[in-house]
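This briefing is for a reader who has the chain open in a viewer.

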Amino acid sequence: MIDPAEPPQDLAVNDLVNAEVLVVEGWVGPDALREFLPLVRAGADRLVVTTGEWVRLRGERIGESSYAALARQSSIERGLEADDVIAVPTPDSAQDRIYLSAVKGGMWARDQTGPPRKLDVLSGGVHSRRTRLMYQLEFGDNATVGIRPA
């Protein structure tokens, strides 16, 4: 039951931790991708990791593109250096897509010399609460996960 004395809780959490890695969920769309560029430019030495499943149009793949690859390409076209943007595609799934993105991001991080201790994630609006939880579960207590709704 909702207590009228309690202030309403925002559905979309906005709590960045100024991390060295910014994860961008590629499915959020072009407007959100434009929004994240100032976040990258504001932070020093940020690495951008884009995630997302294969793009489908009416049930068919569009070439070999994933939302991760499309977000990476869009980021480069908007001025980021190619070496600073990494696409981490996720498998196709009818459910748990955010969790799969977090898992693939975690797999990528474990392949690095040292997984990030802090990461920020750009997600879609009200999905941000669940997204943050999924990334925190994947990266564990040794990492701090920030979130920015698009």
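The notes below go from the whole chain to single residues.

This is a predicted model, in which local features need pLDDT of at least 70 and side-chain atom pairs count only at pLDDT 80 or more, while totals for chains, interfaces and linings use all residues. Residues are numbered from 1 along each chain as its sequence is written, and side-chain values use heavy atoms, with hydrogens and water left out.

**Fold and surface**

- The protein chain has four helices and seven strands; helices (H or I, at least four residues) and strands (E, at least two) are DSSP runs numbered from the N terminus.
- Along the sequence their order is β-α-β-β-β-α-β-α-β-α-β.
- Of the 150 residues in the protein chain, 42% are buried; buried means under 20% relative accessible area, exposed over 50% and partly exposed in between, with a 1.4 Å probe and protein chains only.
- Taking contacts (heavy atoms within 4.5 Å) between residues at least 6 apart in sequence, 72% join residues at least 24 apart.

**Largest pocket**

- On a 1 Å grid over the protein atoms alone, a pocket is an open set of points with protein on both sides within 12 Å along at least five of seven lines, a cavity is a set where a 1.4 Å probe fits but cannot get out, and lining residues have an atom within 4 Å of a point.
- The largest pocket holds about 190 Å³ of space, where a volume is the space filled by probe spheres set on grid points joined across faces, edges and corners.
- Its lining includes Trp27, Glu53, Tyr67, Arg97 and His127.
- Helix α3 (residues 97–110) gives the largest share of that lining, four residues.
- The lining of the largest pocket has five nonpolar, four polar and two charged residues; Ala, Val, Leu, Ile, Met, Phe, Trp, Tyr, Cys and Pro count as nonpolar, Asp, Glu, Lys and Arg as charged, and the others, Gly among them, as polar.

- Elements giving two or more residues to its lining are β1 (21–25), β2 (47–52), α3 and α4.
- Among the residues lining the largest cavity are Val21, Trp108, Tyr135 and Phe139.
- By class, that lining has eight nonpolar, two polar and no charged residues.
- The structure holds one aromatic pair, where rings of Phe, Tyr and Trp (its six-membered ring) pair if their centres lie within 6.5 Å, and planes under 30 degrees apart count as stacked, over 60 as edge-to-face and the rest as tilted.
- Tyrosine 135 and phenylalanine 139 form a stacked pair, 6.3 Å centre to centre with 15° between the planes.
- Both lie in helix α4 (residues 128–139), four residues apart, or about one turn of the helix.
- Tyrosine 135 is buried because its relative accessibility is 0%, and phenylalanine 139 is buried at 16%.

**Single residues**

- Asparagine 18, in the segment before β1, has a positive phi of about 55° although it is not a glycine.
- Most residues other than glycine have a negative phi.
- Asparagine 18 is exposed, with a relative accessible area of 54%.
- Valine 28 sits in the loop between β1 and α1 (30–42) and counts as buried at 17% relative accessibility.
- Not counting residues up to four places away in sequence, valine 28 touches Ser123, Gly124 and Ala150.
- Valine 28 and proline 149 are 121 residues apart in sequence and 9.5 Å apart in space, C-alpha to C-alpha.
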